[in-house]
Amino acid sequence: MITTQVFSQQNDTIIDSRYTWKELKKIFETAYFDVAKNNFSEDQKQFVRRILDSDLVLIEIPYTGFDKRIHSGQIVCNKLVATDLNNIFKELSQLRFPIEQITPVSQYDYTYNKSNDDNYTYCFDYRKETSSNKRSNHSYGFALDINPVQNPYKSAGKTFPSNAREQLSTGRIRYTDPMGQKVIELFKKYGWSWGGDWKSVKDYMHFQKP
Ligand SMILES: [Zn+2]
């Protein structure tokens with residue numbers, strides 16, 4: 001019997017994951033509505049229900065990996081920013097800006113810390129802001145985190161993820177890196193703001209719209 005390898009290559013492109021939106025949505029629902037894991041309030045349940053049913057879409061993203069090869073990753077984002085992200089990632093790919101991996105957060109069983117430790121690039125993730133009790137823009141699919149290990153979140157005395165390696169230039173986003181500067185300018189061209197510009201904390205991995 002011939003077995004097919006699912007996560008394989010196609011025309012030299014490495015396919016990172018191949019979820020359908022229906023499959024992913026099911027995985028999100030199972031995790032968010034699992035009472036043992038999350039004791040969501042009615043308000044939280046309604047929010048998650050609405051965002052999964054009407055606001056989010058799954059898009060296929062071409063990108064250059066740390067292995068310098070062309071990958072195809074998947075991002076779940078708000079449908080209002082899907083065109084932006086398609087255009088931005090096309091340009092990032094032309095720049096050959098390296099990204100370690102883009103796969104839906106569901107692979108991490110919703111463990112945000114683990115996904116950041118593994119240097120995962122993603123958009124939608126239902127959670128609160130790191131520094132407040134408000135819903136994060138990731139909860140709406142309006143924010144994107146890129147290569148968290150090279151681009152950590154920094155506040156007074158705290159760096160996240162804890163395995164951050166800021167000295168690594170591959171995939172780093174700073175004004176002082178020629179490639180990083182182009183990445184920042186590219187997002188701004190599409191009207192996105194960058195967490196590295198924030199004054200009180202620095203969130204170098206983070207872009208959001210508006
Ligand atoms: Zn973020």
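Visitor: What makes the largest nonpolar core, and which residues have the most contacts inside it?

Guide: A nonpolar core is a set of buried Ala, Val, Leu, Ile, Met, Phe, Trp, Tyr and Cys residues joined through C-beta atoms within 7 Å. A residue is buried if 20 or more other C-beta atoms lie within 10 Å of its own, exposed if 12 or fewer do, and partly exposed in between, with C-beta atoms placed from the backbone. The largest such set has 37 residues, and those with the most contacts inside it are I75, V76, C77, C123 and F187. At least two of its residues come from each of α1 (21-32), β3, β4, α3, β6 and α5. The largest share, 4 residues, is that of α3.

Visitor: What kind of model is this, and which pLDDT values does it require?

Guide: The model is predicted: local features need pLDDT of at least 70 and side-chain atom pairs count only at pLDDT 80 or more, while totals for chains, interfaces and linings use all residues. Numbering starts from 1 along each chain as its sequence is written.

Visitor: Which residues does C77 touch, and what makes two residues a contact?

Guide: Contact requires that the two C-beta atoms, placed from the backbone, lie within 7 Å. Leaving aside residues up to four places away in sequence, C77 touches L56, V57, I59, A82, L85, C123, F124 and G141.

Visitor: How do you know which strands pair with β4?

Guide: Pairing requires that DSSP find at least two bridges between the strands. Strand β2 (residues 13-15) and β4 have 2 bridges in the parallel sense, with I15 and S72 as bridge partners. Strand β3 (residues 56-65) is joined to β4 by 9 bridges and runs antiparallel to it; V57 stands opposite C77 there. Both counts reach the cut-off, so both pairs qualify. Between the strands of the β3 and β4 hairpin lie 4 residues, and K68 in this hairpin takes a positive phi near 65°.

Visitor: How do you know whether the span of helix α5 agrees or disagrees with its length?

Guide: The expected span of a helix is 1.5 Å times one less than its number of residues. For the 12 residues of α5 (residues 178-189) this should be 16 Å, and the end C-alpha atoms are 17 Å apart, which agrees. Its buried residues are G180, V183, I184 and F187.

Visitor: What covers the buried residues of α5?

Guide: The cover includes α3 (82-95), β9 and β11. Just after α5, G191 takes a positive phi of about 85°.
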